[in-house]
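Q: Could you walk me through a structure, one feature at a time? I would like the general idea before each case.

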Amino acid sequence: MVKDRKLIIAGNWKMNKTVAEALDLVNGIKREVASVKEVDIVVAPPFTALESVSKALLNSNVRLGAQNMSENGPGAFTGEIAATMLKEFSVRYVILGHSERRQYQKESDELIAKKAAAAHASALKPIVCVGETLSEREGGITEKVIGTQVRGSLAGLTREQIEETIVAYEPVWAIGTGKTASSQQAQDVHAFIRKVLVEMFDDATARRVRIQYGGSVKPSNARELMGMPDVDGALVGGAALEARSFADIIRNSI
Ligand code: PGA
């Protein structure tokens, strides 16, 4: 299906892969997707593998992402990583506000907005995650929750910056559970997110923002999800840990 927004498919490796395992995986992915031009492809290994993976990706069509970064510049912030440090390894994208960080590290929309601004200040493209929990969906407040997260996490960005930002809709109940949102459920929330972006920015700008779906994306459901009009890519966890399945998701999306 031809869309005016280029699909972007990213693998979020989470806290997986030693350096040796990361190199195996990235070399496999590189081989599998070498001829793909229709999709922006991103892998986000853990920090400890960024340097090796970055070298392995030289002159390839796969771009590098990180899974988090500090909202601060370099300084006395023990255990944190600054955007400038990611730039050293040619990182282009950074996942921000993943639901696991919202849950375990108590990241707030306000903090995520600061991180998004810091990412742009270093010319990194943020992938800003939003998503409702099962009880929120069952309670009928999905749009209220998503609206608050989108407005809060993207607060203060300029039109130029939002166009270089990717929004990832990841229903928490679909992450790592094998339960995917139906393509219609995904489309409905993506369309809603785009409506919020119209209100925050303007129609033409909102139409240029890419919105990824994440949550149990696999080769078998990628085609249908990517076929929805407002679904512009995928953020893939479990199925991105194996070169063949990640590549099949990409191939099935074209
Ligand atoms: P999953 O994770 O594909 O394993 O459900 C997606 C994510 O958390 O980004």
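**Reading the ligand site, the pocket and the charged pairs**

A: Happy to, and let us begin with the ligand. Keep in mind that this is a predicted model. A polar side-chain atom of histidine 98 lies 2.6 Å from an oxygen atom of the ligand. Backbone atoms take part too: a polar one of glycine 176 is 2.6 Å from a ligand oxygen, and a polar one of glycine 237 is 2.8 Å from a ligand oxygen.

Q: How much of the ligand's accessible area does the protein cover?

A: On its own the ligand has 280 Å² of accessible area, and the protein covers 95% of it.

Q: Which residues come nearest to the ligand?

A: There are 13 residues around the ligand, and those that come nearest are Lys14, His98, Glu170, Gly176 and Ser216. By type, the shell around the ligand holds four nonpolar, seven polar and two charged residues.

Q: Now for pockets. How do I see where empty space is left?

A: The general idea is to roll a probe the size of a water molecule over the atoms, which shows where empty space is left. In this model, the largest pocket has a volume of about 470 Å³. Its lining is made up of 18 residues, with Lys14, Met15, Gln67, Asn68 and Arg101 nearest the centre.

Q: Which element gives the largest share of that lining, and what kinds of residue are in it?

A: Helix 4 (residues 99–104) gives the largest share, three residues. The lining as a whole divides into seven nonpolar, seven polar and four charged residues.

Q: What should I look for in charged pairs?

A: Side chains of opposite charge can pair when their charged atoms come close. The count here is 20 salt bridges. One of them joins the side chains of lysine 14 and glutamate 100, at 2.8 Å from N to O. This pair links distant parts of the chain, 86 residues apart: lysine 14 is in the loop between strand 1 (7–12) and helix 1 (19–33), while glutamate 100 is in helix 4.

Q: And the backbone: which residues have a positive phi although they are not glycine?

A: Lysine 14, the residue from that salt bridge, is one example, with a positive phi of about 50°. Another is asparagine 59, whose positive phi is about 60°. You will find asparagine 59 in the loop between helix 2 (50–56) and strand 3 (62–66).

Notes: Residues numbered from 1 in each chain as written. Predicted model: local features only at pLDDT ≥ 70, side-chain atom pairs only at ≥ 80, totals over all residues. Heavy atoms only, no water. 1 Å grid on protein atoms, 1.4 Å probe; cavity = no way out; pocket = protein on both sides within 12 Å on 5 of 7 lines; lining within 4 Å. Points joined across faces, edges and corners; volume = space filled by probe spheres on them. Helix = DSSP H or I, 4+ residues; strand = E, 2+ residues; numbered from the N terminus. Nonpolar A, V, L, I, M, F, W, Y, C, P; charged D, E, K, R; others polar. Near = heavy atom within 4 Å. Polar contact = N/O pair within 3.5 Å; in protein donor to acceptor, adjacent residues only side chain to side chain. Areas by Shrake-Rupley, 256 points an atom, 1.4 Å probe, with all protein chains shown as cover. Salt bridge = Lys/Arg side-chain N within 4 Å of Asp/Glu carboxyl O.
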